[in-house]
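Subject: Structure handover

Hello,

Here is the structure I promised to pass on to you. Please open it alongside this note, and I will walk you through what turned up.

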Amino acid sequence: MINNNYLESIKKQMLYYKTLAEKAIDQLEEAQLFVSNNDDTNSIAVIVNHMSGNMLSRWTDFLTTDGEKEWRQRDAEFENSINTKETLLATWNKGWDCFFNTINALEADDLEKIIYIRNEGQTVVEAINRQLAHYPYHVGQIVFYAKMLKQDSWSSLSIPKNNSQNYNAEKFAKDKTIKHFTDDELTKLQ
């Protein structure tokens, strides 16, 4: 039961972060997706390309092959190879589809199996948790960069500034329930 709850929680959390990034991207003009402040800064398009490359490598044949595939060209993920919003979204969705197809196929018994990433063994749970830290890290970059690019015309994706008391009052006005934190958040983001 715990293992099934874990998998459901992972699915919800990752969908939440995917949706969060998409809502940030939706607020931008197409040209803003390719803005890079300097040579050491990645544009949103580059971040998307890297995330997708990572997902395709990690989640293709997840239980049977090393997560760092021989065909992966990680350094190339950080080059400006995407030049339209349409290509960016296709790249983004290709990576996420690979991730969700794999996660949806996992069963509770799979969670203790050992998989390898760069020849280092870890349980499936550890590998999932590794990506649960990695993908939101990059989603945070996307959201922050989008917010910087939009400046005053940014629409908040979380609790708006100076609205915490109202938000908490609304939450505490309801009866206690057991549910995933993303249930309400995903509804708001849709």
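Let me start with helix 4. With 27 residues at 1.5 Å a residue, helix 4 should span 39 Å, and its end C-alpha atoms are 39 Å apart, so the two values agree. Just after helix 4, Gln151 takes a positive phi of about 55°. Please keep in mind that this is a predicted model.

Next, the salt bridges. A search of the whole structure finds eight of them. Two that you can look up sit within helix 1:

- Glu8 and Lys11 meet through their side chains at 3.1 Å, N to O. They are three residues apart in helix 1, which means about one helical turn separates them. Glu8 counts as partly exposed because its relative accessibility is 39%, whereas Lys11, at 18%, counts as buried.
- Lys18 pairs with Glu22, with the closest N and O atoms 2.5 Å apart. Lys18 is buried, its relative accessible area being 12%.

A further salt bridge joins Asp183 and Lys12, with 3.3 Å between the closest N and O atoms. Because Asp183 lies in helix 6 and Lys12 in helix 1, this pair ties together parts that are 171 residues apart in sequence. Both partners count as partly exposed: Asp183 at 28% relative accessibility and Lys12 at 31%.

There is also a network in which salt bridges with shared partners join Arg58, Glu68, Arg72, Glu77 and Arg118.

Now the aromatic residues. The structure holds ten aromatic pairs. One of them, Phe99 with Phe100, is edge-to-face, with 4.9 Å centre to centre and 70° between the planes. Both of these residues, Phe99 and Phe100, are buried. They also belong to a cluster linked by ring pairs, together with Trp59, Phe62, Trp92, Trp96 and Tyr135.

Finally, the pockets. The largest pocket holds about 320 Å³ of space. Its lining includes Tyr167, Phe172, His180 and Glu185, and helix 5 gives the largest share of that lining, three residues. By class, the lining of the largest pocket has seven charged, three nonpolar and two polar residues.

The second largest pocket has a volume of about 180 Å³. Among the residues lining it are Tyr16, Leu20, Val143 and Trp154. Its lining has seven nonpolar, two polar and two charged residues.

Happy browsing, and best wishes

Notes
Residues numbered from 1 in each chain as written. Predicted model: local features only at pLDDT ≥ 70, side-chain atom pairs only at ≥ 80, totals over all residues. Heavy atoms only, no water. 1 Å grid on protein atoms, 1.4 Å probe; cavity = no way out; pocket = protein on both sides within 12 Å on 5 of 7 lines; lining within 4 Å. Points joined across faces, edges and corners; volume = space filled by probe spheres on them. Helix = DSSP H or I, 4+ residues; strand = E, 2+ residues; numbered from the N terminus. Nonpolar A, V, L, I, M, F, W, Y, C, P; charged D, E, K, R; others polar. Phe/Tyr/Trp six-rings, centres within 6.5 Å; stacked < 30°, edge-to-face > 60°. Buried < 20%, exposed > 50% of the residue type's maximum accessible area, 1.4 Å probe, protein only. Expected span 1.5 Å × (residues − 1). Salt bridge = Lys/Arg side-chain N within 4 Å of Asp/Glu carboxyl O.
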